[in-house]
Amino acid sequence: MKPGITLPRHGRIPSSNLGWSIIKMENCIFCKIIKEEIPAEKIYEDDSTLAFLDISPVNKGHALVIPKEHHETITEIPEELLKNTISTVQKIAKAVENISDGINIMQNNKEIAGQVVPHVHFHIIPRLKDDGFKLNWRHTEYQKNEIKEFSKKIKSFL
Ligand code: 5GP
Ligand code: ZN
């Protein structure tokens with residue numbers, strides 16, 4: 001915890017974003033794993049990232065990679081830390097490749113997209129021939145010119 005920051009007492013609303021992020025961090029299950037307040041099967045660790053096995057795997061060996069600093073989503077994490085996190089994702093994927101026939105990397109942002117733990121994380125899911133796991137994509141389609149409109153909208157924010 002940063003020096004000089006006092007956690008708000010029950011019932012008081014923090015006056016800053018920093019106050020809120022400290023409260024979220026204190027309640028975050030992955031931050032608790034980082035601080036070793038709860039156990040996890042760790043497989044790799046460096047200064048800024050941690051990899052451990054998912055407690056409820058899609059397939060055995062399903063790993064999670066997280067930054068050690070608490071950020072909720074991929075758009076909130078600082079770029080340098082994201083780069084380190086992605087490097088660890090590749091390192092773990094290279095290892096998991098040896099125990100699988102293929103790999104899915106999944107990364108969910110916000111509840112609507114299936115994010116349950118609000119600490120940014122990457123799933124490294126080992127896939128096995130005939131494992132029966134289906135991603136269940138659905139496919140929609142663009143009406144005339146719509147693809148150009150979407151392209152224009154997204155580009156306007158880049
Ligand atoms: P999300 O749905 O947020 O993308 O994925 C969260 C993942 O974290 C889930 O796959 C879930 O099984 C895993 N998980 C949740 N709590 C724990 C825990 O306490 N320990 C471990 N190792 N994994 C957890
Ligand atoms: Zn956290």
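1. Met106 stands opposite His123 in β5. Strand β4 joins β5 through five bridges, and the two run antiparallel. Strands here are DSSP runs of E with at least two residues, helices are runs of H or I with at least four, and both are numbered from the N terminus. Two strands count as paired if DSSP finds at least two bridges between them.

2. A word on the source. This is a predicted model, in which local features need pLDDT of at least 70 and side-chain atom pairs count only at pLDDT 80 or more, while totals for chains, interfaces and linings use all residues. Residues are numbered from 1 along each chain as its sequence is written, and chains are lettered from A and ligands numbered from 1 in the order in which they are written.

3. The sheet is open and has five strands, in the order β1-β2-β3-β5-β4, with antiparallel pairing. From one strand to the next the twist averages 20°.

4. On β5, look also at the β3 side. Three bridges link β3 (residues 63–67) to β5 (residues 122–127), again antiparallel. Val65 faces Phe122 in β5. Ala63 has Ile124 as its bridge partner there.

5. Helix α3 (residues 79–96) packs on the sheet and touches β1, β2 (49–53), β3, β4 and β5. Its direction makes about 160° with that of β3. Axes are lines fitted to C-alpha atoms, for helices over the stretch in contact, and angles run from 0 to 180 degrees between N-to-C directions.

6. The largest nonpolar core has 17 residues. Ala51, Ala63, Leu64, Val65, Ile92 and Ile124 have the most contacts inside it. Such a core is a set of buried Ala, Val, Leu, Ile, Met, Phe, Trp, Tyr and Cys residues joined through C-beta atoms within 7 Å. Buried means 20 or more other C-beta atoms within 10 Å of a residue's own, with C-beta atoms placed from the backbone. Two or more residues each come from α2 (29–34), β2, β3, α3 and β5. Strand β3 gives the most, with four.

7. Ligand 1 is surrounded by 13 residues, the closest being Ile55, Ser56, Asn108, Val116 and Val117. Near means a C-beta atom, placed from the backbone, within 6 Å.

Notes:
Two residues are in contact if their C-beta atoms, placed from the backbone, lie within 7 Å. A residue is buried if 20 or more other C-beta atoms lie within 10 Å of its own, exposed if 12 or fewer, and partly exposed in between; C-beta atoms are placed from the backbone.
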